[in-house]
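Please read these points with the model open alongside.

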Amino acid sequence: KFTAFSDRQEEPLLTYRDGRSFMSKYRSDKGHLYLCAAPLDSDYNDLVVNGEIFVPMLYKMAISRGTAESPAWFIGRDTRLEADHSGGAADLVYRLSGENLEIIPEQRITGPKVVFRTGDQVAEAGWYDLWLEKENILKVFAFNYDRRESVQQFVSPAALRERYGDRVSVLELSDTAIATAKIAEENDGVILWRWFVMLALVFLALEALFLRFWKV
């Protein structure tokens, strides 16, 4: 197995003290192949018992690839997609189909790959299957709505007054708590019972003072 990859460029990751490779990385198709000169057994080396080294190394190996592909694309953009070319004839027509939409994107075959451009044909978010024959799905692409539509843009109070005039009441408050109280007051009116309770307490206090200090 090592001979099959000995002619490829080696990237040593770990070496012995004499400079020989203990673990090396080789490029293999779309990913990487890692070769270790010794078994991953504590009887031969202590790499596996050093978690602070071994675990991050395994994580890096798992996510390391020759090329990175976007997990999703956005609708309404001229997106460039790529897939392995599965047919032999140049006149084969690839199709993308979603739940309520089927399109024939612009496509160009370049060697073992086929490149697509969707333009503005994808109008709905969802999963889209790539196929030559309906029953044989070659690849699946995910399309989302553009995040920019979630950016909130607010109309200024002056523009609201100019547009609606006296038909609406525009409140300019920055504090959320004050704004909530103000809106409640606008809806329910001025609540007077609190004032009556406060006045009653004041009069009770005055009556108690009169009874205590007023001499008759």
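1. Strands E1, E2 and E3 make up an open sheet in the order E1-E2-E3, with antiparallel pairing. Strands here are DSSP runs (E, at least two residues), numbered from the N terminus, and two strands pair if DSSP finds at least two bridges between them. E1 (11-15) and E3 (31-36) each have a single partner strand, so one side of each is left without a neighbour in the sheet. Neighbouring strands of this sheet are turned by 20° against each other on average, direction ignored; the axes are lines fitted to C-alpha atoms, and angles run from 0 to 180 degrees between N-to-C directions.

2. The model is predicted: local features need pLDDT of at least 70 and side-chain atom pairs count only at pLDDT 80 or more, while totals for chains, interfaces and linings use all residues. Residues are numbered from 1 along each chain as its sequence is written, and side-chain values use heavy atoms, with hydrogens and water left out.

3. Within the sheet of point 1, E1 and E2 (residues 21-28) run antiparallel and are joined by four bridges. Leu14 has Met23 in E2 as its bridge partner.

4. Seven bridges connect E10 (residues 126-133) with E11 (residues 136-144) in the antiparallel sense. Trp131 stands opposite Ile137 in E11.

5. E8 (residues 106-110) and E9 (residues 113-117) pair antiparallel over five bridges, and Glu106 has Arg117 in E9 as its bridge partner. The hairpin of E8 and E9 has two residues between the strands, and Gly111 in this hairpin takes a positive phi near 65°.

6. Leaving aside neighbours within four places in sequence, the contacts of Thr79 (heavy atoms within 4.5 Å) include Trp73, Phe74, Phe116 and Phe143.

7. The second largest pocket has a volume of about 180 Å³. Its lining consists of Leu14, Thr15, Tyr16, Phe22, Asn45, Asp46, Leu47, Asn50 and Ile53. A pocket is an open set of points on a 1 Å grid over the protein atoms alone, where a 1.4 Å probe fits, with protein on both sides within 12 Å along at least five of seven lines; lining residues have an atom within 4 Å of a point. The volume is the space filled by probe spheres set on the points. Five lining residues are nonpolar, three polar and one charged.

Notes. Nonpolar A, V, L, I, M, F, W, Y, C, P; charged D, E, K, R; others polar.
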